[in-house]
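Here is a briefing on one protein chain. Keep the sequence and the structure open as you read.

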Amino acid sequence: MSAHLKQDEPDTRNLLDDMVQGIIGKPLARPDGLGKVTGTAPYAAEYPIADCLEGVLVTAPFTKGTITGIHKDSVLSMPGVVAVIDDKRLTARAAQGGAGEAPAQPAREVGYFGQPIALVVAESFEQARDAAKHLTFEYRAENVADVPLDPEKTDAEPQDGATRQGDLAQAMSTAAHSVDVTYTTEGHSSAAMEPHAAIAQWDGNSLTVHASLQMPNYNISELADALDLGEDQVRLIARYVGGGFGSKLGISEEAVAASIAAMELERPVRVVLSRQQVFQTIMRRSETSQRFRLAADENGRLTGFGHEARVSQLPGEHFAEPVLQSSEFLYGGENRVLQLEVARIHRMTAGSVRAPGEAVGMPALESAMDMLAEEVGIDPVELRLHNIPECHPVNGLPYSSRKLAECLEQGAEAFGWDHGPRKPRQRREGEWWIGTGMASAARVHNIAEARARVTLKPDGTALVETDMTDIGTGTYSIVGQVAGEMLGLPMDRVLVDLGDTDSPRGPGSGGSWGASSVCSAVFVACEDMRATLAKKAGVSVEDLKLKDGGVIGGASLVELLDGEELSVEGHYEPGAVEDDFTASGYGAFFAQVRVNRFTGETRVDRMLGAYGFGRVLNAKTARSQCLGGIVWSIGAALTEALLFDPVDGHIANCDLAEYHVPVNRDVPDLEVIMVEERDPAASPIQAKGVGELGMCGGAAAIGNAIYNACGARVLGFPMTPDRVI
Ligand code: MOS
C-alpha cells in the first residue's frame, strides 16, 4: 500500500499534538548512541570484507594543465601493487551542490591543485600508499602567473536573480543614518570527523558501495551516471556517517575511484582519503567579500538595504555560495539592491559547507547592523525589532510562522542583555577587555520529496525503512519518535532502518531539510495506517487513541492485526505551499567575550542561542544541533580559514592541526533556548530545519562583542589576534 501527500496548503491539523503516546519532542537518547560510543556501529571503511584491495588516490601537484602520461610501470613491480587506475572518469565528478551538473573538468585536464589523477591499488594500504608516492607521470602545467587565483584580482560575472527596487543611492544620500561597509570572510572546510571513504564490490552485474554519503537517494543516480550503469545495478549503503557538513552531498572521488577499480579488477576495493586529501580534493566554502549599504531614518527604520557580494568558483562549475539568501527577506528597506557575482579562479571546487549562504552572509549582515545601531544610537536588539517587515519586502509574500521577535526578546532576557546605551571599552579585568554582542539568526527553510515505508508486524512492532541518512544529527531518533507517536508504540518497539538504497528514497541529509522531510513521509504512511487500524478497531480515526501498543481501554495492536502485517509506503512531496509563503528558521545570538589588550586574543566567556524552528521532534538532538551551530560560530568568528598559497593556489593548512576548529578549550558553557513554535506552512508535521540555523549569524555576535569590548571594528572573519590588535 502507499499513501501520498503533496502539500499545497498550510497543514493546521496539529495531529501530532493530539497523539497520546507522548514521545514527540521528548529528549530521548539515540538508539544508535551505544553502538557509536562502543565502536560497534560500522562506518563506511569499517565493513570487514574478504579479499578487499586498498586504493590510494594520487593527486595533481600543480594548478592548471594537462596530464600527458602516467607511467604505470613505475610502480607495478612494487610489492603488493595490483593496478594503477587512470581512467578518465576519475576526474569526472558531478559538481558538488548542483544536482545533475556536468563535470567541469574534461578528461585529463587539471583545474586545481589536488585534483585526483590516478588510483593506485594494492593488497595492503601501506603498499598502495607507498606506490602512490612513487608513481611518476608527465604533465604540461600552465604558468601559474597566468592562472587566475585571487578572486579580488579576477573579473567576476554578475549572477542572475539580482534584486533592484527603488533607488538605493538616493536613499543612502538622504538617510538620517547610513552605513556603507565591506566585510570579508575566508574559505572554510567542512572538516567532518569521518574522512571520505568507500568500499566497492562488483559481482559482474551489480555494484554495492559502502560509502560515507549524505544523499544516497541522489548519489545513486550520480554514481550510476558516472559509471554508465543503470540505477538498478547500484546499491549504496551509508548507515552511519561521521558528519558531512555539505562535503558528502555529492558523490566524490573515493566512491567513483573504488567503483571503477572494483569493476575492472573484479575484487572489492576500499578507498579512504587522507585528512589532507579531504581538505585539498573534495571542496571548499568560497571566501566572500560583501558590501552593505544600509540607510535608516532617525528611529533606525531601514529605508534602503544593499547587499552586494563576490564569491569564487572554478570555471564551469555551477554552484555559487548563496550569501544573499536571508538578506532577501529578513529586514525591510524599500530601496533595495541585492547582487551576487562570481569570480572564476583555480582554487579547488567551491561547494556547500554547513549552511551555504547564511553561514557567511548572516555574520556579515549582522556586523553591519551593529554598526548601524551605533550610528543611530539605539540598542542593537531594538534595531532588529524595528525592522521586522510585515511581508516579504520584494515579492510581498506573507511569512509563515516567524519567531524572530520572540527569539530576540527571550534570548536577551535569559542572557541578561543590558538594553542601555552602548559604548566600547567600558569594562576591563586585568589585561582583558570584556564586552557583549548580539546578532539575529536566519536560515531559509528547505524541504524535499521523501519516501519511507512503515511496516507494522503481527507482533506489534514497527519497522521504518528509508535510504535517508543519519549524519550524526539524530535521524534514527526522530524517525522512530514520529512513527511511535502515530502508532502508539514506545521507542523500543520501533526499529528504524536507514541508509540503504534498497529501501524507499528518502530526502537525504542536506540543507537542514532532512528531519522535516523524512518525518513527513513517515507521518503520511502512519496516517494512512491509522485509518486502517481505526477500521479494524471499529472507531472513527479521530477517536483512535493508541498508546503502548494498543487502543486505550481496548484491543492491542497484536489483536487488531490478528496475524496480518500492515505495510504502507509514505510519499511526501512539497507542493504549492512553498510558493505561497516566505518560510525560514529564525533566532538570536548573545555573546560575552574577553579580548586581551596586549595580544588581541579573544576568548568567548559565554554564549546563548535562542531559536524558532517549528515543532521540536527531539529536544536532545535538536539542542545538540544548536550547540554544534554555536561551536561553528566560534570557529567562524575566531579561527577557521583556509589559507591559499598565493603562488599556486594550493591549500596550505590541510589538516586539523593547521585549520583551527574550536576545541573544548575554546568553547565555554553554551545556552540554547528553543522557542515554542508550530509552522503549518513548513511541513505537515509543522517542523522546520534545525541544524544549519544554529550557526547563521553567530559569528557576528562574537565580532560585535569584540568591538564592544575593545573598540576594534574588524571588517573580516575570522577575527584573529593580528586583526584585532
Ligand atoms: Mo548542507 S552544507 O546542505 O549538508
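Two residues are in contact if their C-beta atoms, placed from the backbone, lie within 7 Å. By that rule, and leaving aside neighbours within four places in sequence, Val522 is in contact with Ala452, Val454, Val464, Val479, Val482, Ala483 and Gly570. This is a predicted model.

**Domains**
- The domain assignment of the protein chain gives three entries: domain 1 (2–30 + 447–579), domain 2 (44–61 + 65–141 + 190–282) and domain 3 (288–445 + 583–724).
- Between domain 1 and domain 3, the C-alpha centres are 35 Å apart.
- Domain 1 brings 28 residues to this contact, and domain 3 brings 25 residues.
- On the side of domain 1 that touches domain 3, at least two residues each come from β1 (2–7), α12 (475–487) and α13 (514–537).
- The most comes from α13, which gives five residues to that side of domain 1.
- Sorted by class, the side of domain 1 that touches domain 3 has 14 nonpolar, eleven polar and three charged residues.

**Nonpolar core**
- The largest nonpolar core counts 228 residues.
- Val120 and Val522 have the most contacts inside this core.
- Helix α13 gives the most to the core, with twelve residues.

**The five-stranded sheet**
- Five strands make an open sheet with mixed pairing, in the order β1-β25-β20-β21-β22.
- At the edges are β1 and β22 (494–497), and each pairs on one side only.
- Neighbouring strands here are turned by 20° against each other on average, direction ignored.
- Strands β20 (residues 450–456) and β21 (residues 462–465) pair in the antiparallel sense over four bridges.
- Thr455 has Leu463 in β21 as its bridge partner.
- Helix α12 packs on the sheet and touches β20, β21 and β22. The direction of α12 makes about 140° with that of β22.
- Helix α13 lies across β1, β20, β21 and β25 (566–574). Its run is at about 135° to β25.

**Gly511**
- Gly511 sits in the loop between β22 and α13.
- Is Gly511 buried or exposed? Gly511 is buried, because 25 other C-beta atoms lie within 10 Å, and the cut-off for buried is 20 or more.
- Gly511 and Arg239 are 272 residues apart in sequence, and 19 Å separates them in space, C-alpha to C-alpha.

**The seven-stranded sheet**
- Seven strands form an open sheet in the order β4-β6-β2-β14-β11-β12-β13, and the pairing is mixed.
- Which strands stand at the edges? They are β4 (81–85) and β13 (234–237). Each has a single partner strand, so one side of each is left without a neighbour in the sheet.
- From one strand to the next, the twist averages 20°.
- Strand β4 pairs with β6 (residues 116–122) in the antiparallel sense, over four bridges.
- Within this pair, Ala83 stands opposite Val121 in β6.
- Helix α6 (residues 216–227) lies across β12 (207–211) and β13, and runs at about 140° to β13.
- Helix α7 (residues 253–265) also packs on the sheet. Helix α7 touches β2 (53–59), β4, β6, β11 (197–202), β12 and β14 (269–272). The direction of α7 makes about 25° with that of β11.

Key
Residues numbered from 1 in each chain as written. Predicted model: local features only at pLDDT ≥ 70, side-chain atom pairs only at ≥ 80, totals over all residues. Domains from an automatic or database assignment. Nonpolar A, V, L, I, M, F, W, Y, C, P; charged D, E, K, R; others polar. Core = buried A, V, L, I, M, F, W, Y, C linked by C-beta atoms within 7 Å. Buried ≥ 20, exposed ≤ 12 C-beta atoms within 10 Å, placed from the backbone. Pairing = 2+ DSSP bridges. Axes fitted to C-alpha atoms, helices over the stretch in contact; angles between N-to-C directions.
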